[in-house]
Amino acid sequence: MTSAGNGLGRPDAETRRQTRLLGTFLVLMTVVFGIGDLVAVLTRPEYELPWYGYLFLLFAALFNRAGHYTKAAILTLLMFPLVTLASVLGGSSPGTTFSYLIIGVLASTLLLDRRNALLFDALCFAFLLLTPATIPKHVPDLGTVTTPLLLVAIGSGLAFMLMIHRDELERERQEALRTSEERLLLALDASHMGTWEWDTAAREVHSSERAQAIFGLHGKSFDGTQAGYLRMVHPEDLATVGKELTEVLSGEKEEFEFLHRVVWADGSTHWIQVQGRCARRGASGRRVNGTVVDVTDRRLAEAERDRLIHELEQKNAELERFTYTVSHDLKSPLITVRGFLGSIEADVSEGRYDRLGGDVERILSATARMQTLLEELLKLSRIGRIVNPPERVAFADLAREAMDLVRGRLDAAGAEVEIQEDLPDVFGDRSRLVQVLQNLLDNAAKFVGDQKNPRILVGSRPGASDGRPVFFVQDNGEGVDAENLQRMLGLFQKLDDRSRGTGVGLAIVKRIVEVHGGKLWVESPGRGLGTTVCFTLPTRAAV
């Protein structure tokens, strides 16, 4: 697309208008002179056909058709003094023949600008004044050409006034057009909108600078073809845009609106909204006019809105599960306390004090479990609200620090821990990240099962879709059935009710990873084949 012209070397609109006008004038002159000469030949046997005049018309038409408007116009106007001079030299009446110059004078106002038209009129007037001196045999004195002189003078005067009036009208029209364009440009700038016009038959494209910038052309020309337009479209939108564009250019649609992505030369992707109208031009061509606006920010905002809505829906569902789980898990210790308080009341009323110690111990155990549950819930609620400044830290250092914190559990299980070499650095809240590895190492050591040589591997591997490495803590312990892989990440979820703990550990780990912008999942070939907890973390500061 280009802001002026079309980038294809074709004449502009004003030149095309002048070319059409000159072509019409040449046809008209050929018909008029042809009829006049035909009548003269038929009625006057002595009449000599001025064939050289038709040569002027022929060559002028050829120049005009080849795109040389100025040469064609000059040749056309020179025909009048030269052909009339030849006719006079051939014996025609000077007074009558030179009167045909008035046609050239009037034609100059149509074919030339004011300056050149006045110059041509002055040349015609000087030409007539010089005829008595140059061809005295045919023009003995000025009286012979008085009528042609008066006609040229009057015609020049009228032509001059017409040109002044025409130029004033043109100035007023241009001023009104300029004012209208300024208002339009102001409105377009305010709406960040570009305009374009596409003539498919002539393969001409005119567009505003803003439209070029929105399409990402930046000085490059769009070649005016459907294939050229589709080259700018994002590959994922090609099928849809190609179908809609075909419908527009084939005439099935007069009004259209496209919403699609374009890929700029620098590889960046931008959303644009294109709308306009299509009208027939010629037998097979179409003229398409429209506007284009960059809606990338709007689309990003919509995507962010949808993401937040989806996240809110997930949070609401999680809150529902959380409420149900908390009420269920907290109710169990309360039922235990209530039951044993009833037993104590009955024993006291019956004087059986020997069982009080056992009942009180069970009550204390239930309240201790309730306190543990509440503390774990408090930890979970603090994640994301109470944070330390993020920092870059070696993942291997985090693993070693977590190992020291759970050394007792690891030694009791007889587990051997291996930390891969050359692990990448991560960026985040150091204490929270240590908590992640501490929980995962503790879980791995807790569920070694019947494994005689429990091993735990801390490492990373490539493979995340966003380019981040995938970190993992892998053990060769009890393993997990496929149907329980997702369940074990839930709050208070324990696959073995006999095991110690509250079932909040993995939920806390998952929450910490998500707060850091990562994700966590569990992999296991099955029961007895070990478990791998995988997660992603940022390796550089967020921009």
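This is a predicted model: local features need pLDDT of at least 70, side-chain atom pairs count only at pLDDT 80 or more; totals for chains, interfaces and linings use all residues.
Five strands form an open sheet of mixed pairing, in the order S7-S9-S10-S12-S11. Strand S7 (416–419) and S11 stand at the edges. Each has a single partner strand, so one side of each is left without a neighbour in the sheet. From one strand to the next, the twist averages 15°. S7 and S9 run parallel and are joined by four bridges. Here Val 417 stands opposite Ile 456 of S9. The pairing of strand S9 (residues 455–461) with S10 is antiparallel, with six bridges. Within it, Val 458 has Val 473 of S10 as its bridge partner.

Strand S10 (residues 470–475) is in turn joined to S12 by six bridges, and these two strands run antiparallel. Asp 475 is the bridge partner of Thr 531 in S12. Gln 474 is likewise paired with Thr 532 of S12. Strand S11 (residues 520–523) pairs with S12 in the antiparallel sense over four bridges. In that pairing, Trp 521 has Cys 534 of S12 as its bridge partner.

Burial was then examined for S10 and S12. Five of the six residues of S10 are buried, and the strand is mostly covered. In strand S12 (residues 531–536), six of the six residues are buried, so S12 is largely enclosed by the rest of the structure. Its side chains point two ways: Thr 531, Val 533 and Phe 535 to one side, and Thr 532, Cys 534 and Thr 536 to the other. Residues of both sets are buried.

The side chains of Glu 523 and Arg 461 meet at 3.0 Å, N to O. Glu 523 lies in strand S11 and Arg 461 in strand S9, 62 residues apart, and the pair links distant parts of the chain. Glu 523 is partly exposed, at 29% relative accessibility. Arg 461 is also partly exposed, at 31%.

The whole structure contains 25 salt bridges. One of them joins Asp 199 to Arg 287, with the closest N and O atoms 3.4 Å apart. This pair links strand S1 (residues 193–199) with strand S5 (residues 285–294), across 88 residues. Asp 199 is buried, with a relative accessible area of 4%. Arg 287 is buried too, at 18%.

Arg 261 and Glu 236 form a further salt bridge (3.1 Å, N to O). Arg 261 lies in strand S3 (residues 255–263), and Glu 236 in the loop between helix H9 (226–230) and H10, so the pair ties together parts that are 25 residues apart in sequence. Arg 261 is buried, with a relative accessible area of 15%, whereas Glu 236 is exposed at 60%. Arg 114, Arg 166 and Asp 167 are linked in a network of salt bridges.

Helix H10 (residues 238–249) has twelve residues, and its end C-alpha atoms are 16 Å apart. Buried residues of H10 include Val 241, Leu 245 and Val 248. Gly 251 follows H10 and has a positive phi, near 95°.

A nonpolar patch lies on the surface. Val 41, Leu 49, Trp 51, Leu 55, Leu 58, Phe 59, Leu 62 and Phe 63 form it, with about 750 Å² of accessible area together. Helix H2 (residues 51–65) supplies the largest share, six residues. Phe 63 lies in helix H2 and is partly exposed, with a relative accessible area of 32%.

Definitions and conventions. Residues are numbered from 1 along each chain as its sequence is written. Side-chain values use heavy atoms; hydrogens and water are left out. Patches are made of residues with over 30% relative accessible area and no salt bridge: like charges are joined within 9 Å, nonpolar side chains (Val, Leu, Ile, Met, Phe, Trp, Tyr) within 5 Å. Accessible areas come from the Shrake-Rupley method with a 1.4 Å probe; for residues, only the protein chains shown count as cover. A salt bridge is a side-chain nitrogen of Lys or Arg within 4 Å of a carboxyl oxygen of Asp or Glu. Buried means under 20% relative accessible area, exposed over 50%, partly exposed in between (1.4 Å probe, protein chains only). Two strands pair if DSSP finds at least two bridges between them. The expected span of a helix is 1.5 Å times one less than its number of residues. Axes are lines fitted to C-alpha atoms, for helices over the stretch in contact, and angles run from 0 to 180 degrees between N-to-C directions.
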